[in-house]
Amino acid sequence: MSKKIRNEATDGLFHAILSLQSMEECYTFFEDVCTINEIQSLSQRFEVAKLLREKKTYLEIAEKTGASTATISRVNRSLNYGNDGYDMVFRRMEDK
């Protein structure tokens, strides 16, 4: 867990996210908290991570998502050397 982002304000944000109870509530909250571009960037990174786990090439991923090779590389670095957050979420999604 990153000590760089952990603070009272971030804890408050994460508690708010954890209180959301439906997809519709997520849309309502995130549309207020984030810009459309921020939401699209987050969802693009998530899609890139999913495709990297499926062993797709950078070219295939770039064509499908529109992500730059820099973004794909950054997500790949997180998958390989990060905190395993993507893997945790993907495992939980597979279990459902």
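Before we start, one definition: a helix here is a DSSP run of H or I with at least four residues, and a strand is a run of E with at least two, both numbered from the N terminus. With that in hand, hello everyone, and let me walk you through this predicted model.

Let's begin with the whole chain. Reading from the N terminus, the elements go α-α-α-α-α-α. That makes six helices and zero strands. The C-alpha trace spans about 40 × 30 × 30 Å along its principal axes.

How much of the chain is buried? Of its 96 residues, 17% count as buried. The chain exposes about 7,700 Å², and carbon and sulfur atoms supply 53% of that area. As for contacts, take those between residues at least 6 apart in sequence: 40% of them join residues at least 24 apart.

Now let's zoom in on helix α1, which covers residues 8–18 and includes Leu 13. Thr 10 lies in helix α1 too. Leu 13 has 33% relative accessibility, so Leu 13 counts as partly exposed.

Together with Leu 13, Phe 14 and Val 33, Ile 5 forms a nonpolar patch. Those four residues have about 330 Å² of accessible area together.

Definitions and conventions:
Residues numbered from 1 in each chain as written. Predicted model: local features only at pLDDT ≥ 70, side-chain atom pairs only at ≥ 80, totals over all residues. Heavy atoms only, no water. Patch = residues over 30% accessible without salt bridge, like charges linked within 9 Å, V, L, I, M, F, W, Y side chains within 5 Å. Areas by Shrake-Rupley, 256 points an atom, 1.4 Å probe, with all protein chains shown as cover. Salt bridge = Lys/Arg side-chain N within 4 Å of Asp/Glu carboxyl O. Buried < 20%, exposed > 50% of the residue type's maximum accessible area, 1.4 Å probe, protein only. Contact = heavy atoms within 4.5 Å.
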